[in-house]
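I opened the notebook on this model today. The entries below record what I looked up, in order.

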Amino acid sequence: MPISPYTPFCNQCYDLVNKLRQYVFVEVHPKILALKEDKSRLNVKRDYSIFSLYLTIIAWLQTFENLNHSYDCQAVGTGARAIFERYLDLKWFEKFTGPEWVERYLTFPNVDRYLACEKVVNHTKQNPASKINTKVHTDFISTMDAREPLEDLVSRVWGKKPDNTPCWPNFHWTGIKDLSKRAEAIGPDTLDEYRELYPPMSWLVHSGPTAFLGRDFAELESMTGWCYFFAFQQARNSTIVVVNMLGIKDSVADFDKAMNQLWAWRADALATLP
């Protein structure tokens with residue numbers, strides 16, 4: 001690949017992600033897996049929600065190991081944005097500790113699937129020429145309705161509006177579909193992060209021209225390096241949040257030392273910027 005003024009920064013930030021991944025896999029991941037099997041904990045459902053979120057971040061760290069070229073920029077941006085969104089979900093659980101949030105998180109996947117299935121079924125009704133086989137969709141809807149009618153389920157978990165209709169969760173398990181509103185609810189620091197980070201990561205995710213049109217290689221490599229950087233930063237922050245929420249800090253070897261060392265390496269990466 002060509003060399004640009006941002007190549008050292010890109011390389012350093014890629015290394016940051018991998019150093020974090022290596023530590024997490026060796027020291028943090030086994031402790032979480034062991035905890036996952038412990039059914040005696042006081043809040044198993046909350047812990048399970050935290051596990052599921054953080055394990056997807058670990059999976060992204062593993063994916064990043066293979067994203068080691070500037071032409072991976074779209075995938076790097078996608079991964080950085082995914083980690084950021086999961087980080088905000090973890091921060092939500094850290095700030096809002098009521099049982100209703102866990103219930104919403106655990107209930108949302110089936111509601112989301114139901115609504116997606118319903119759209120497919122309605123599409124075939126409105127378009128008789130459609131060749132979609134809806135059996136899997138209608139089977140899922142029937143299974144869900146047999147347990148509890150969807151409107152009753154949504155009303156029970158997310159509540160009702162003043163007109164007595166369900167508060168549909170719409171795109172996110174909290175019931176707050178706007179990511180900026182969720183970031184604002186968590187606090188001013190996360191709102192700052194959203195405003196600064198989300199647009200460039202989204203440019204790389206979506207099919208529009210903003211990330212590429214009229215940009216030279218140095219600009220592209222700069223975006224790639226920053227996405228590595230923020231993927232590392234939010235994954236590291238997520239690790240700290242998770243270890244503290246699960247109460248396993250004392251059982252993870254040299255945790256504070258490792259997090260501090262990673263932060264020092266972060267400064268070394270920033271020092272390479274042109």
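**Helix 1.** I started with the length of helix 1, residues 7–36. Its 30 residues at 1.5 Å each should span 44 Å, and the end C-alpha atoms lie 40 Å apart, so the two agree. The expected span is 1.5 Å times one less than the number of residues. Helices here are DSSP runs of H or I, at least four residues, numbered from the N terminus. I then looked for a bend and noted a kink of about 45° centred on Phe 25. The bend at a residue is the angle between axes fitted to the seven residues ending there and the seven starting there.

**Ground rules.** The model is predicted, so I kept to its limits: local features need pLDDT of at least 70, side-chain atom pairs count only at pLDDT 80 or more, and totals for chains, interfaces and linings use all residues. Residues are numbered from 1 along each chain as its sequence is written, and side-chain values use heavy atoms, with hydrogens and water left out.

**Aromatic pairs.** I found 16 aromatic pairs in the structure. Rings of Phe, Tyr and Trp (its six-membered ring) pair if their centres lie within 6.5 Å; planes under 30 degrees apart are stacked, over 60 edge-to-face, the rest tilted. I checked Phe 84 and Tyr 198: the centres are 6.2 Å apart and the planes at 45°, so this pair is tilted. It links helix 3 (residues 73–95), which holds Phe 84, to helix 8 (residues 188–205), which holds Tyr 198, across 114 residues. Both Phe 84 and Tyr 198 are buried (under 20% relative accessible area; exposed is over 50%, partly exposed in between; 1.4 Å probe, protein chains only).

Next I took Phe 93 and Tyr 105, an edge-to-face pair with 5.6 Å between centres and 75° between planes. Phe 93 is in helix 3 and Tyr 105 in helix 4 (residues 99–126), twelve residues apart. Phe 93 counts as buried at 1% relative accessibility. Tyr 105 does too, at 15%.

I also noted one aromatic cluster formed by Phe 9, Trp 226, Phe 229 and Phe 230.

**Charges over rings.** The charged end of Lys 19 sits over the ring of Trp 265, 4.1 Å from its centre. Arg 266 has its charged end over the ring of Trp 263, at 4.0 Å from the centre. The test is NZ of Lys or CZ of Arg within 6 Å of the ring centre and within 35 degrees of the ring normal.

**Ile 141.** I located Ile 141 in helix 5 (residues 135–147). It is buried at 14% relative accessible area. I listed its contacts (heavy atoms within 4.5 Å): Ile 141 touches Tyr 114, Cys 117, Glu 118 and Val 121, leaving out residues up to four places away in sequence.

Notes: Helices (H or I, at least four residues) and strands (E, at least two) are DSSP runs, numbered from the N terminus.
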